[in-house]
Structure formats: C-alpha cells, structure tokens
Amino acid sequence: MVISSNYSNFAPELQPFCIFHHFVMRRYIRKTTNVLLSIFLGGAILYWMYRGFDIATIKEVLRRDVNWWWMLASFPFGILAQMFRGWRWKQALEPLGERPRTQTCINAIFISYAASLIVPRIGEFTRCGVLARKEGTSFPKALGTVVTERAVDSLIILLITLLVLLLQMPVFVSFFSKTGTRLDNLMGVLGMFSGTGYIVTLICALSTLFGFYIFRKKLAFYDRVKATVHGLRDGVMSLRNVRNVPLFLFYSIAIWASYFLHYYLTFFCFEATAGLGITCAMVTFIVGSIAVLVPTPNGAGSWHFAVKTMMILYGVAEMPALYFVLVVHSVQTLLVALLGIYGWVMTTLTDKKERD
C-alpha cells in the first residue's frame, strides 16, 4: 500500500496509529478548507457590495435612522420560530419511541443555528448530537427526522413561492409596463445587472450545488453503517405515525410565519422600507430564503445581494437598501448567536436523562 510505505520508517506497532492519524488529519484539513472557503465566499461578496462604502456613516444610521422599537418587536418572532421547530422535532421523534425533554429539543435547535454561523450546514448534525448526548436519543433516528423536516420545509417554501408569484404577477406586469419593459423582453431586465453581478449570481448558484453535494456526502458517510441506515429510514418514515397531524402542520406553518414576521417588522425600522408593503416583504423574504442555501455563514453575502437587488427592483435607492440588509442581517445574526450561547449554557447545566 502506498500509505503504508510512507510510514515504513516507523516501528510496525506504530504504523496503524500513524495511518489513522493521516486519515484524521486529511479529514480535518478538508473540513477546515471548506469552512475557510465558505467564509471567503461570504466575505468576498460582502466586500464587493460594500467596496468604497463609508463605514463611519453606519454609526449615524444606527443612531438616527433605525427605529429600534420595531427591531425589538421582531425579536420574539425570531425566538418563536426556533422554539416551534423544537416542539415540532419532539413530536416527530415520538413515533420512534424517542421522548427527549422539550427544553433540550429547543436548546438543541438554538445551538444548531449558532453552530451553522461557523460551519454552514453543520447544525443538522449538531442538534442530533446534543440529543444523543443529553437524552440518549438515537443519532440516526434523529437525523432521519431532520431530513424529513427539511423536506416538509422545502414543500412549504415551494408553496409560498408559487403563491407569491401568483399574487405579485399583476404588480410585476404593472412595474414592467410603467418602466417600458415588456415581460417578453426579459433581457432588458437582465441588462440591469453588471458583469460582476452575473459573476456573483453564478458563484452563488455553484456554491449552493456544492453545499448540497457536501450534505449528501455527509449522509453517505452515515449510510455505511447498516444500523444507521435503518435509523435514517425510520426517522424519515416517522411522519406516518405522528399522533397529532394538525398540530404538526400548525408547527410547520408557525415556523415560517414567525420567520416572516421576524423579517417583515424590520421594514418599519427604516423610512425607505416602511412603505413597501407586505407583498414586497413576501417577495424579498422568499428570495432571501433561497439565497441562504448558498453555503456561507448564515447566508452572509448571498442574502445581502439577493435582498438588496429585489429592493432596488421595488424602487428603493441603492444606499438605503445596503443599509437595510447590513443592519438587519447583522442584528438577526447576533440574536441567533445569543440564543446559541443560551442554549449551550442551559444544556451544559442540564443533567443527562436516564434511559428507561
């Protein structure tokens, strides 16, 4: 073997440990590289968007132009969105014979979102690990329910997207008519993009596909163990036996309603966006939700770019749009981090559950 020959100078009894260390280091380097690339991508997009931007003006914007009461009013909905997710997760686990404590489920969700700020997409595995460690929950079964939850969330987002498109079609037709742009002349709209804008969009799309590839590879790693395959299968099929389906649907809808209100109320923090209306909020919310699929920390860069672009389409000047996405994303990211710290502290103080 090529690998063994690299360690031929070591004592025979040490060679297996050296080979193991080699594979661990390779995996560590690969993970570190992915994280650094993710941070670089988000940072590069942010740098491109805010190049030549006078950061000193942010102080004045924060002091004079932000209505912080509306920002504070949005916080409960950001917290509720994650709590609803924790309640729904507990319900999805019950048909599998897993009954973790409600507070541990919620704290695991808090931790998972904060973890994804550092390593994109790691939150799905982090929250399963928290339950396995504190509640003795089967990791494969928990991961299976997460996969199922993601499928449910994707379906809800798809339905909301179709609804928004139907509701906003007259608005788009009116907009294109007033600006002299016909729907059959889409290149006129695309012409509004700069060359760099096309490049950023392409990079975001390719990064999203790469993120899905990494997630699939992680699942494939767990699929190598037969027991894990059964656990994943059981978790995915758990919805068939959910005792209270209406409650599960309520939680699923409440999650996204809370996310939307958490975002929509921030419109009233700024004079430039306060009058845009709920339809604009729905469109930019959907576009932003799709943009965070790009594997950057909390969608940094891609979310800014997508939401800012749509706001300009709705008539918001570029600078107010830049201020909006910078302040809102930063504050909401800070909230996620604080919730993660709270969840970690509470989980640390929680005793392990004794298995029956």
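Biologist: Which residue lies over the face of W89?

Modeller: Keep in mind throughout that this is a predicted model. The distance from the ring centre of W89 is 4.6 Å, and a charge counts as over a ring within 6 Å of the centre, provided it is also within 35 degrees of the ring normal. The residue over the face of W89 is R127.

Biologist: How many helices and how many strands does the protein chain have?

Modeller: The protein chain has 356 residues, of which 44% count as buried. Among its contacts between residues at least 6 apart in sequence, 74% join residues at least 24 apart. The secondary structure comes to zero strands and 15 helices.

Biologist: Are α3 and α15 roughly parallel or roughly perpendicular to each other?

Modeller: Two packed helices are described by the angle between their axes and the distance between the axes. For α3 (residues 56-65) and α15 (residues 318-349), the axes come within 11 Å and cross at roughly 75°. Angles of 65 to 115 degrees count as roughly perpendicular. The two helices α3 and α15 are therefore roughly perpendicular.

Biologist: How many residues in the contact of α3 with α15 are nonpolar, polar and charged?

Modeller: On the α3 side the residues are T57, I58, V61 and L62, and they meet Y323, L326 and V327 in α15. Sorted by type, the residues of this contact are six nonpolar, one polar and no charged.

Biologist: What kind of aromatic pair do F260 and F285 form?

Modeller: The count of aromatic pairs comes to 18. For F260 and F285, the ring centres are 5.6 Å apart and the planes are at 80°. Planes over 60 degrees apart count as edge-to-face. The pair of F260 and F285 is therefore edge-to-face.

Biologist: Which helices does the pair of F260 and F285 link?

Modeller: Both residues are buried, and they are 25 residues apart, so the pair links distant parts of the chain. F260 and F285 also belong to one aromatic cluster, whose members include W70, W256, Y259 and F324. F260 lies in α11 (residues 245-264) and F285 in α13 (residues 278-291), which makes the linked helices α11 and α13.

Biologist: Leaving aside its neighbours within four places in sequence, which residues is S289 in contact with?

Modeller: S289 lies in helix α13 and counts as buried, with a relative accessibility of 17%. Its C-alpha is 9.8 Å from that of Y259, a residue 30 places away in sequence. With neighbours within four places left out, the contacts of S289 are I157 and W256.

Biologist: Is K352 buried or exposed?

Modeller: K352 lies in the segment after α15. Beyond its neighbours within four places, K352 is in contact with R101, R133 and K134. The C-alpha atoms of K352 and R133 are 7.4 Å apart, although 219 residues separate the two along the chain. Since its relative accessibility is 55%, K352 counts as exposed.

Biologist: By what distance are the C-alpha atoms of P120 and V292 separated?

Modeller: P120 is found in the loop between α5 (102-118) and α6 (123-135). At a relative accessibility of 12%, P120 counts as buried. V292 is 172 residues away along the chain, and the C-alpha separation from P120 is 9.9 Å.

Biologist: Is F305 buried or exposed?

Modeller: F305 lies in helix α14 (residues 302-313). The C-alpha atoms of F305 and G288 are 8.9 Å apart in space, and the two residues are 17 apart in sequence. The cut-off for buried is under 20% relative accessible area. At 8% relative accessibility, F305 therefore counts as buried.

Terms used. Residues numbered from 1 in each chain as written. Predicted model: local features only at pLDDT ≥ 70, side-chain atom pairs only at ≥ 80, totals over all residues. Heavy atoms only, no water. Axes fitted to C-alpha atoms, helices over the stretch in contact; angles between N-to-C directions. Helix = DSSP H or I, 4+ residues; strand = E, 2+ residues; numbered from the N terminus. Parallel < 35°, antiparallel > 145°, perpendicular 65-115°, else oblique. Contact = heavy atoms within 4.5 Å. Nonpolar A, V, L, I, M, F, W, Y, C, P; charged D, E, K, R; others polar. Phe/Tyr/Trp six-rings, centres within 6.5 Å; stacked < 30°, edge-to-face > 60°. Buried < 20%, exposed > 50% of the residue type's maximum accessible area, 1.4 Å probe, protein only.
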